[in-house]
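Trainee: Please take me through a close look at the side-chain pairs here, the charged ones and then the aromatic ones. I would also like to know which parts of the chain they link.

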Amino acid sequence: MNIFKRTLFATIAALPLMSTAAMADGLISIIVNDPSNPYWFTEGEVAKATAEELGYDANVAAHKGDTNTESNLVDTAITNKAAAIILDPANADGSVGAVKKAVAAGIPVFIVNAEINQTGLAKAQLVSNNAQGAALGAMAWVDAMGTEGSYVELFGAPSDNNAQTRSNGFETVLSQYSDLDKKAQEVANWDRTQGYTKMQSMLQANPNISGVISGNDEMALGAIAALKEAGKLEGKIIGGFDGSPDAVEAVKSGELTYTVLQPVAIFAEEAVRQADYFIKNGTLKISEEKQLFDCILVDASILDIYSFSGPFQLDR
């Protein structure tokens with residue numbers, strides 16, 4: 001079964017259902033990274049809406065990548081006697097302590113989007129299949145770019161395992177073509193403004209590059225702004241990752257070659273449903289801690305077939 005069918009079936013299976021059980025009591029605390037990014041905003045809003053549909057009180061707070069803030073937010077959830085915590089961790093290593101605190105207080109933690117580097121603490125870690133998505137994007141990038149030319153890469157936050165996984169996935173594909181020459185790689189921390197400034201500096205050093213491959217959409221959109229300002233956007237092959245609304249519009253306009261859609265709306269909802277199941281039954285709905293959700297390539301051809309019913313929600 002191909003990726004599109006698998007993801008569509010997953011989407012249908014994950015559609016909200018009216019609960020036939022008695023209304024649940026308690027609070028579900030949802031902690032995301034930075035809701036100024038549409039990806040994390042959607043993650044928090046979908047999780048909150050699902051929790052409220054299931055009868056819980058729910059709140060969304062943001063740590064913005066700071067582990068001290070994250071720790072304080074977990075303390076607040078413990079003080080408020082949360083029934084469960086849905087957490088997008090700030091740091092693969094640095095968030096382990098916050099999760100341990102919640103577990104010690106008897107609060108189950110369900111991780112979404114980014115992993116922590118310790119198993120057996122969280123009840124589940126629900127994340128995009130970043131290796132699959134990166135390979136999917138890199139193959140599309142080569143299809144558009146061809147098998148020769150120079151390019152640069154924008155790398156996400158090093159504290160997030162997703163950044164290295166995606167970069168490794170790009171390298172696995174692109175290194176097969178000896179005439180593709182990576183001139184530079186810069187860390188831009190998932191941020192559009194940093195993507196813009198890092199692209200400016202890379203462009204000054206490498207004015208004749210043919211393409212940009214990026215670990216997320218925000219950095220790619222920053223690169224587009226820098227290339228446009230320099231009068232060098234035309235003909236450039238630029239790949240993104242997330243499937244954000246702005247990126248989709250950039251694909252439609254032809255400025256972005258493609259984006260790789262992460263099914264954040266699906267796994268954010270699923271994390272809450274698994275938390276609800278554990279709260280009610282004391283057992284796990286799915287036994288595997290690490291759960292991968294396949295990504296989808298979104299390019300101009302796909303947009304002729306599929307449409308978006310909401311942010312990060314692709315439907316036929």
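Mentor: Where pLDDT is low, the predicted coordinates should not be read in detail. For the protein as a whole, the mean pLDDT is 92, and 92% of the residues reach 70 or more. This is a predicted model, in which local features need pLDDT of at least 70 and side-chain atom pairs count only at pLDDT 80 or more, while totals for chains, interfaces and linings use all residues. Residues are numbered from 1 along each chain as its sequence is written, and side-chain values use heavy atoms, with hydrogens and water left out.

Turning to the charged pairs, the structure holds 14 salt bridges, each defined as a side-chain nitrogen of Lys or Arg within 4 Å of a carboxyl oxygen of Asp or Glu. One of them joins the side chains of E115 and K290, at 3.2 Å from N to O. This pair links distant parts of the chain, 175 residues apart, with E115 in the loop between β4 (109-112) and β5 (124-128) and K290 in strand β11 (residues 290-293). The helices (H or I, at least four residues) and strands (E, at least two) are DSSP runs, numbered from the N terminus. K290 counts as partly exposed, because its relative accessibility is 46%; buried means under 20% relative accessible area, exposed over 50%, and partly exposed in between, with a 1.4 Å probe and protein chains only.

In another salt bridge, the side chains of E171 and K182 meet at 3.8 Å, N to O. Because E171 lies in helix α6 (residues 161-174) and K182 in strand β7 (residues 179-187), this pair ties together parts that are 11 residues apart in sequence. E171, at 37% relative accessibility, is partly exposed, and K182 is partly exposed with a relative accessible area of 31%.

The side chains of R192 and D246 form a further salt bridge, at 2.9 Å from N to O. Here, too, distant parts of the chain are linked, since R192 sits in helix α7 (residues 192-205) and D246 in helix α9 (residues 245-253), 54 residues apart. R192 has a relative accessible area of 31% and is partly exposed, as is D246 with 40%.

L27 has D57 in β2 as its bridge partner.

Now for the rings: the structure holds four aromatic pairs. Rings of Phe, Tyr and Trp (its six-membered ring) pair if their centres lie within 6.5 Å, and planes under 30 degrees apart count as stacked, over 60 as edge-to-face and the rest as tilted. Y39 and F312 have ring centres 5.5 Å apart and planes at 85°, so this pair is edge-to-face. Since Y39 lies in helix α2 and F312 in the loop between β13 (307-310) and β14 (313-315), the pair ties together parts that are 273 residues apart in sequence. Y39 is buried, with a relative accessible area of 2%, and F312, at 3% relative accessibility, counts as buried.

Another edge-to-face pair is formed by W141 and Y151, at 4.9 Å centre to centre with 65° between the planes. W141 lies in helix α5 (residues 130-145) and Y151 in strand β6 (residues 148-155), so the pair ties together parts that are 10 residues apart in sequence. W141 is buried at 0% relative accessibility, and Y151 is buried with 3%.

Returning to F312, ring pairs link Y39, W40 and F312 into a cluster. In the hairpin of β13 and β14, with two residues between the strands, F312 takes a positive phi near 65°. The two strands run antiparallel and are joined by three bridges, with D315 in β14 as the bridge partner of S307.

How values were computed:
Two strands pair if DSSP finds at least two bridges between them. pLDDT is the predictor's confidence in each residue, from 0 to 100.
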